[in-house]
Every structure is written in structure tokens, then in C-alpha cells.
Amino acid sequence: MNTSTKNNTNALKLVFGVIIFAFSLAFAYFLASFTDKHAILDYWGTVMILAGLYIVVGVMVANIFPVSLGFLFSADILVLHALMTNFGDLYDVIKALFVGLILAVLYLVAWMWFPDLEYKVEEQNLSAPPTDEAKPIMEAPVFKTESDQPVVDLDLNDHLRKIDIGGAQKVIFSPNGMSAFSTSEPSIIRIALYTKQLYGKNQFQPGELKDLFVKFINSYTPTLSEEKVQIVADKMKNFVTVGGKFEVM
Amino acid sequence: MEIIAMIFLWPFIILAVGLVFIVLPDIFHGGMLSLLLWSLVLFVVGVFFTNRNKTASKNKEETKYQQLYLLRRTLVVFSIALLFPVFIRYTVDAFQGSLSVIVFGLIMSFGFLIWGLFVKRHSAIMVSNIAGGSIALFYLYMQIWSLGEGPRIIAAGLGLLLAVAMSIIKLREKLV
């Protein structure tokens, strides 16, 4: 998919997301007014029921991002509006339970999603053998070779798996002018050993490793999610850009 | 699975931050207390953003993805740091400021503070627990102040004991 098509698709997603968000909000408020006016149901009761319904629909259609996000953000607005108006009237026990529940989920989110970046990289298993479904996730090479053609080496993954890391515990990367970072992830240690073996050194000038980086971007088959691969790729891109040295310990 | 969870992350974070602003008047109210707590919050936010700027200036190549990651992380830290004291306050209010619940709140706040001081590999939890635990302790000690001399002495003694114990553990760890 080229960049222009991708941008158009993203714009379309955004437009649909906004439309769903706006219409779901309008529907909720109009229906709440109607039910309240005709004494069918309390205004805020209707709002909360619809918010719950939107959350359920948002979860059910999670694979259609714009629809899901449209409903979920709409539910956010409805819940927050209802709380803003009625929170002071609630019993303290209910307030404590509600805040406690949100707090518990926040802790879960912080624990699972926001560990320190270098450790987040460390804890992932990049070295597992690739499965049939595993495909290179990083689509576009960050650097281009002189011929503008990606370098493809299909034996790279096999070669890397055969490298014995021996007693190596971790690898410390010291990019020029930036803070050092380390990882004990075996697959990164293998890549470091491979690089050292290939070049016969462990200190590099800015951009010196860019061809090798492109090769990895195109040929290395990670088994991680796009997000985690992106963290590793960003750190490596920085290292390749500014140059520096690494040490396997 | 991870991508699906990511979809729910933003709506949930927005809900949590919105809730913080809704409940904020319940913890930050009244003259001097309000001033002190606001100062503490501004200080924590200031320190956080200063560190973030330092990191950003060190790393000019920081991608949009990393910026979004940091933003989400900051919002989670901010929400936990302020919702924890609010939770303690509501719990104390729900039991009409009973001494046993205040003691429970003290134990919980100290527990979270200590967890924040000793947690490894999770600086988001570290920052939020230290800030949230400190604000909660501040609030609880203000409550204890109104209960008379006995509880004041016990609470101050407990705080002192824990502070000394934590200092010993932390210092010993660094000396080895």
C-alpha cells in the first residue's frame, strides 16, 4: 500500500470515527431528553444505560477501530458528564468503590503497559523461532541503500539463531552524546555478536551501520507486536544514526 | 490481543483523567491545605515534565510513537497520583472518620509509598505511588490532628518508625 493510499484510508477512518462519535452522542442526549420528558426513564439513567451499551458495542466491534473508538469515546463523554453532574450526590461508599475500581485498573495498566522502556525490551523474547504467521512487521526501511533497493538476506534469521551467546549476560549500547541503554535479551545479544563478527569491531561512526540496519529491517523476522518491535527499532535507529559503541558482557 | 487492548487504553485513560478533574475539588479544598497540596501537585508535574524535556533534548530523534507512549504514561501517573488520595478520603468519609479506618488508610498509604520507593523497573508506579502516597499521608495526618494528642503522638511515632526503617534498608542497600 503506497503512502497516498494509506493517508486516504487513515483520513476515511478518522472521518467515520468522528461521525460515529457525534451521532452516538446526539442519539444518547436526544433519547435521554425524550425519555425524561415523557417520564419513561430518568434523564441520567438513560444516559448511563446508553453509555453502558456503547461500551459493550465498542468492545464487540474492537476489530473495526474507528467504530469501536467512536463508541468508546462517546461513552467516555456520557459517563463523565453524568459523573460531573451527579458525583457530589452519590454516597461516599459508592464514590470510594468507583474510584477504587478505576485505581485498580490504572495500576494494572501501569504495571502491564508502562514498565521502563529498556526493561520492556529486555523482557521480550525475540529469539523464539518464527512461526508461519510471523511476518516482518516493520514495513518501510528507515534508511535506504544507495540503489534505493532493500537488501534481503533470507538466511539471516537462521544464521542468528545458530550464534552461541555463551556466558554473555547483556549488551550495553552507548550512543554518542546520548544515554547508554542495556538489554539482556538473547536475540539482541546475538545481533550484537553478529555485528561484531561481521565488522571486527564494536565502535561505529554515525550512519556506518545503516546498510546492516536496513538488512535487519527487511529480513529479520520478529515475533513481537508492532509496538514492541518499534521500541527496539527506534533505539537501534538512534544508535545507528549517531554512532557509538556496544559491549557484550 | 495487544492491539485490541491498545484501543481501549485511550478511552480508559481519558475517563480516568476526566474523573480526576471531577473529584479534584473533594481533595483540594480549604485555604492553606489547598495551597500546600496544589503546590505539591505542581511540583510533581513540574519535575516530571522537566525530566521529560531533558530526555527529549537528549534524544532529538524521539519518534511520535515514543511521544505518545510518554503522554499516555504521564496521564496514567497523574491519574494514579491524584486518585489514590481521593480514594483514601472517600473511604475515611464513608466511615465518618473512624479511627480504625484512618489507621487502615495510614497503613495503606505507607504501604503504597514503600512500594513506590522499592519498586524496580516500573518508574511510572514509583512516581505515582510516591506522589499519591505523600498526598494521602498529608491528608490523613491532617485528620489525625483533629483527633487529639494521643492519636497525634501515635501517628507521628508510626511515621518516624517507618521513615527510620526505610532509611536503614535503603542506605544498607546502597552501601553494599
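**Briefing: a predicted two-chain model**

Q96(B) sits in the loop between helix 3 (64-94) and helix 4 of chain B. Its phi is near 50 degrees, a positive value in a residue other than glycine. This is a predicted model. It scores ipTM 0.78 and pTM 0.62.

- Most residues other than glycine have a negative phi.
- Q96(B) has a positive one, near 50 degrees.
- Is Q96(B) buried or exposed? Q96(B) counts as exposed, because it has 8 C-beta neighbours inside 10 Å, and the exposed class takes in residues with 12 or fewer.
- Chain A has a case too: phi of A39(A) is near 50 degrees, again positive in a residue other than glycine.
- A39(A) belongs to the loop between helix 1 (3-37) and helix 2 (43-60) of chain A.
- A39(A) is exposed, with 7 other C-beta atoms within 10 Å.

**Chain B**

- Chain B contains six helices and zero strands.
- Along the sequence, its pattern reads α-α-α-α-α-α.
- Chain B has 176 residues, and 30% of them are buried.
- Take the contacts in chain B between residues at least 6 apart in sequence: 66% of these join residues at least 24 apart.
- The mean pLDDT of chain B is 77, and 70% of its residues reach 70 or more.
- Which elements mark the two ends of that range? Helix 2 (residues 31-58) of chain B has the lowest mean pLDDT among the chain's elements, at 60. Helix 4 (residues 99-118) of chain B has the highest, at 87.

**Where the chains meet**

- In all, 40 residues of chain A are in contact with 39 residues of chain B.
- On the chain A side, the elements giving two or more residues are helix 3 (65-86), helix 4 (92-113) and helix 9 (226-242) of chain A.
- Helix 4 of chain A gives the largest share of that side, with 15 residues.
- What kinds of residue make up the side of chain A that touches chain B? There are 26 nonpolar, seven polar and seven charged residues.

**Helix 4 of chain A**

- Helix 4 of chain A has 22 residues.
- From first C-alpha to last, helix 4 of chain A reaches 31 Å, close to the 32 Å expected at 1.5 Å a residue.
- Its buried residues are K95(A), A96(A), V99(A), I102(A), L106(A), V109(A) and A110(A).
- Why do the buried residues line one face of the helix? Seen down the axis of helix 4 of chain A, they fall within an arc of 150 degrees, so they line one face.
- The face turned away from that buried side carries the exposed residues L101(A), A104(A), L108(A) and M112(A).

**Strands of chain A**

- Strand 1 (residues 171-175) of chain A has alternating side chains.
- V171(A), F173(A) and P175(A) point to one face and are buried.
- Strand 1 of chain A pairs with strand 2 (residues 181-183) of chain A in the antiparallel sense, over three bridges.
- In strand 2 of chain A, F181(A) is the bridge partner of F173(A).
- Strand 1 of chain A also pairs with strand 4 (residues 244-248) of chain A, antiparallel, over five bridges.
- In strand 4 of chain A, E247(A) stands opposite I172(A).

Terms used. Residues numbered from 1 in each chain as written. Chains lettered and ligands numbered in written order. Predicted model: local features only at pLDDT ≥ 70, side-chain atom pairs only at ≥ 80, totals over all residues. pLDDT = per-residue confidence, 0-100. Helix = DSSP H or I, 4+ residues; strand = E, 2+ residues; numbered from the N terminus. Buried ≥ 20, exposed ≤ 12 C-beta atoms within 10 Å, placed from the backbone. Contact = placed C-beta atoms within 7 Å. Nonpolar A, V, L, I, M, F, W, Y, C, P; charged D, E, K, R; others polar. Pairing = 2+ DSSP bridges. Expected span 1.5 Å × (residues − 1). Arc of directions from axis to C-beta.
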